[in-house]
Amino acid sequence: MKKQKPVLIVTEGTAKLDNHKYKSLFHIKAKMIPYDEVEAYVGHAPGGVCPFGVNEGVAVYLDESLRKFDTVYPAAGNGHTAVKLTLQELEAAAGAEG
């Protein structure tokens, strides 16, 4: 079995992942990383997972649900911090692939 690479998808807070669309795009079934393994895979612990400063090999994608906002506030590395960014700034800072 080939090892799967982690994918970080940033959505607005109430958005839900469409498993059919995920599989259509990535050609594999979506699977959540177990809570106690998130930091090792992504580089940030749950509650502070942000789309920048992630481990090498983690692909970052921004969901279309973010387009309805002029400003977004993604986590910034822990559960007590966030950063105010425009969507364009977030895309650049995250090095988003899509």
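H1 and E2 each supply at least two residues of the second largest pocket's lining. Bear in mind that you're looking at a predicted model.

**Exercise 1. Work out which element gives the most to the lining of the second largest pocket, and describe that lining.**

Solution. 
- Step 1: Start with the space itself, about 370 Å³ for the second largest pocket.
- Step 2: Find the middle. Among the 14 lining residues, Ile9, Lys21, Leu25, Asp63 and Glu64 are the closest to the centre.
- Step 3: Go by element. H1 gives the most, with 4 residues.
- Step 4: Sort the lining by class, and you get 7 nonpolar, 2 polar and 5 charged residues.

**Exercise 2. Now do the largest pocket: what is its volume, and which residues lie closest to its centre?**

Solution. 
- Step 1: The volume of the largest pocket comes to about 1500 Å³.
- Step 2: Its lining counts 43 residues, and the closest to the centre are Val7, Leu8, Ile9, Met32 and Ile33.
- Step 3: E1 gives the most here, with 4 residues.
- Step 4: By class, the lining splits into 30 nonpolar, 6 polar and 7 charged residues.

**Exercise 3. Look at both ends of H1: which residue caps the N-terminal end, and which residue follows the helix?**

Solution. 
- Step 1: At the N-terminal end, the cap is Asp18. One of its side-chain oxygens sits 3.0 Å from the backbone nitrogen of His20.
- Step 2: At the other end, His27 follows H1, and its phi is positive, near 60°.

**Exercise 4. Decide whether Ser65 is buried or exposed, and say why.**

Solution. 
- Step 1: Locate Ser65 in the loop between strand E2 (59–62) and strand E3 (71–72).
- Step 2: Check its relative accessible area, which is 16%.
- Step 3: Compare that with the cut-off: buried means under 20%. Ser65 is therefore buried, because its value is 16%.
- Step 4: See what Ser65 touches. Leaving out residues up to four places away in sequence, Ser65 is in contact with Thr11, Glu12 and Ala15.
- Step 5: Look for a polar partner. The side chains of Ser65 and Asp63 are joined by a polar contact of 2.6 Å.

Key:
Residues are numbered from 1 along each chain as its sequence is written. This is a predicted model: local features need pLDDT of at least 70, side-chain atom pairs count only at pLDDT 80 or more; totals for chains, interfaces and linings use all residues. Side-chain values use heavy atoms; hydrogens and water are left out. Buried means under 20% relative accessible area, exposed over 50%, partly exposed in between (1.4 Å probe, protein chains only). A polar contact is a pair of N or O atoms within 3.5 Å; within protein, one must be able to donate a hydrogen and the other to accept it, and residues adjacent in sequence count only if both atoms are side-chain atoms. Contact means heavy atoms within 4.5 Å. On a 1 Å grid over the protein atoms alone, a cavity is a set of points where a 1.4 Å probe fits but cannot get out, and a pocket is an open set with protein on both sides within 12 Å along at least five of seven lines; lining residues have an atom within 4 Å of a point. Grid points are joined across faces, edges and corners, and a volume is the space filled by probe spheres set on the points. Ala, Val, Leu, Ile, Met, Phe, Trp, Tyr, Cys and Pro count as nonpolar, Asp, Glu, Lys and Arg as charged, and the others, Gly among them, as polar.
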